[in-house]
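Subject: A structure for you to look at

Hello,

Here is the structure I promised to pass on. Please open it beside this email and follow along as you read.

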Amino acid sequence: MSVWAVIVAAGRGERLGLDRPKAFANLRDRPLLAESLERLEASDWIDSIVVAAPPDWEEPVILLAEELGCGKVVESVTGGATRAASVRAALAEVPDDAAVILVHDAARPLVSEDLIERLLTALNEGWDGAVPVLPLLDTVKRIEGDQVVETVDRDGLATVQTPQAFVATALREAVAAGADATDCSALVEARGGRVKAVPGDPRLVKVTEPADLEAVERLLSPA
């Protein structure tokens, strides 16, 4: 079974206050993207990798992969204005005989082998896709302006992470439909795909603001 990984790395990083894309934010004296590249390169489950890079940063991505010895990286494509557009551009470089496609955000650098295994196991059980989730621990309110208008029952609600894994045909058909969404699972769900929720990983912090980078650095530091 051929498993390809798509790394979405086209985010601009404005909320980090950077003069460069988020994927090239400094994490322990190297680009944030390096962590995801190395981890997917080392994974026994992943055969090949395509990166959706920020415009004009396609070559630096390839140079970084070469510097890290990431031989699984076969292409760096120009990411789009939206997440779905970036995934669409990357999928064009994934061969038709790929069985499974794993979509991961460079903004979540601490992807683990155990999580990848949970996702792929779900696909082997017959699901069209699988996503990692974490339970909501806080009370959830619906807000209009400054006013609280409703307390939402959090039973059955969860936050969703990446990577997300899909049967290749299901993902291709969903992305080709041209819609946009905050994650690939929403596109697959919209076309009737069956997506399984698997236990997520609290270490998969999403880097959005400077404090998030600091949190990832702490998780990488020896105890």
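Predicted model: local features only at pLDDT ≥ 70, side-chain atom pairs only at ≥ 80, totals over all residues.

How many aromatic pairs does the structure hold? It holds one. Residues are numbered from 1 along each chain as its sequence is written, and side-chain values use heavy atoms, with hydrogens and water left out.

Back to the rings. Rings of Phe, Tyr and Trp (for Trp, the six-membered ring) pair if their centres lie within 6.5 Å; planes under 30 degrees apart count as stacked, over 60 as edge-to-face and the rest as tilted. The centres of the Phe24 and Trp57 rings are 4.6 Å apart and their planes meet at 40°, so this pair is tilted. The partners come from distant parts of the chain, 33 residues apart: Phe24 lies in the loop between β1 (3–8) and α1 (32–42), and Trp57 in the loop between β2 (48–53) and α2 (58–68). Those helices (H or I, at least four residues) and strands (E, at least two) are DSSP runs, numbered from the N terminus.

Are the two partners buried or exposed? Phe24 is buried, at 11% relative accessible area, whereas Trp57 is partly exposed, at 26%. Here buried means under 20% relative accessible area, exposed over 50%, and partly exposed in between (1.4 Å probe, protein chains only).

Asp29, between β1 and α1, has phi near 70° and is exposed at 73%. Asp56, between β2 and α2, has phi of about 75° and is exposed at 69%.

Next, look at Ala107, in the loop between β4 (100–105) and α4 (113–124). Ala107 is buried, with a relative accessible area of 11%. Leaving aside residues up to four places away in sequence, Ala107 touches Lys22, Leu32, Val205, Lys206 and Val207; contact means heavy atoms within 4.5 Å. Ala107 and Ala10 are 97 residues apart in sequence, yet 9.8 Å apart in space, C-alpha to C-alpha.

Finally, find the cis peptide bond between Thr162 and Pro163, where omega is about 15°. Pro163 sits in the loop between β8 (158–160) and β9 (164–167).

Enjoy exploring!

Best wishes
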